[in-house]
Amino acid sequence: MNGRQLRARFRGVAVVAAGLLALTACGGGDAGAKRDGNGEGKAAAAARTVKHDAGTTEKVPAQPKRIVSVSVTMTGHLLALDAPVIASQATPPSVITDKQGFFTQWSDAAAKNSVKVAYQGFEPDVEKVLALKPDLIVGASSGAENAEKFYDKLSAVAPTLLYRHDDVSWQDLTARLGKDLGLEKRASEVVAAHDKRVGEVKAAITVPKQSAALVRDNQSAMTVFTPESAQGRLLTSLGFTVLEPPAGKGQTQGGRSDFAEFSQEKVADTAKDSSLLFVSHTPEEITAASARPVWKDLAAVKDKRVYDLGLDTFRLDYYSAGNLIDKIEKAFG
């Protein structure tokens, strides 16, 4: 379908929606004329206006029934809230996904809830989203699956909410989604369960006296996650002292405070005596990195203070945060 046909189809959707609205407004009896005890129409009470990171959306269902996620990152947050996700964007399959492109940390939850693949790829397939007949679309306004360029087209299909996930903790994002989707109680329960688990594991482990360097080996560079990162905040809550990368010596992206990148030659100066906690690596990749000339003489490598935090820890949600805690408990319990 070409662009002209797609626009024509959207106009058709709008005309149908307008007709249905007119019928609802004009119909007597049960069709919108009922009032609650405060004198407000039930139709008005059934929708809300939500401010999100791509704008303000009206007529958001108070209790959505058919959510399509156009962000594989946001899908994990939605599933943790028991939100009615019927389909999700998927990425090309890789070591961090199942065979259909859903992140492994929540793929079982997706299967349990019969979540379908909406489309595969980072740009929204608006035609396929339209065919799913969502009453709400949720996506990202950051990361590879940033859907801001498609916001108007998606909004023509259904009310659309887009959120940044790169500069906020998963707990804060969960609370925000809970408020916007009418799932505040569930959001509180999810965060409370996580906090309880953190307290239990913190009491059961012995953390190293050295600082913890949260690192990712990119072969040509090294990423160091700061104490302000989601990973850094979680390690701090478990009692670790997270390494603060040397100011002004690494490269950041867009003024972000959650990580910095350093050349491989600066590994020793950056990590110093810190224990090395690898974020999102296979065991084979960690072994290969530790054997490189710039890494093998580090105190952490010599003292065997090198730890694997798991492949799913690059972006944290309720599920991957829980998996990271399990890794910490096993390594330091």
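Mentor: Let's start at Leu234: setting aside neighbours within four places in sequence, Leu234 is in contact with His194, Val198, Leu316, Ala321, Leu324 and Ile325. Please keep in mind that this is a predicted model. Leu234 sits in helix α9, which covers residues 230-237. Is Leu234 buried or exposed? Its relative accessible area is 5%, so Leu234 counts as buried, given that buried means under 20%.

Now compare that with another spot, Thr75, which belongs to helix α3, residues 72-80. Thr75 has 0% relative accessibility and therefore counts as buried. Beyond its neighbours within four places in sequence, Thr75 is in contact with Ser69, Ser88 and Trp106.

Trp106 leads us on to the largest nonpolar core, which has 28 residues; Leu78, Leu79, Trp106 and Tyr163 touch the most other members. At least two residues of this core come from each of α3, β4 (85-90), α4 (104-112), β6 (136-140), β7 (160-163) and α7 (170-180). Helix α3 gives the largest share of this core, five residues. There is also a second, separate core of 24 residues, with Ile205, Leu214, Val242 and Val279 among them. As a general point, nonpolar side chains tend to be buried together in soluble globular proteins.

Notes
Residues numbered from 1 in each chain as written. Predicted model: local features only at pLDDT ≥ 70, side-chain atom pairs only at ≥ 80, totals over all residues. Heavy atoms only, no water. Helix = DSSP H or I, 4+ residues; strand = E, 2+ residues; numbered from the N terminus. Buried < 20%, exposed > 50% of the residue type's maximum accessible area, 1.4 Å probe, protein only. Contact = heavy atoms within 4.5 Å. Core = buried A, V, L, I, M, F, W, Y, C linked by side-chain atoms within 4.5 Å.
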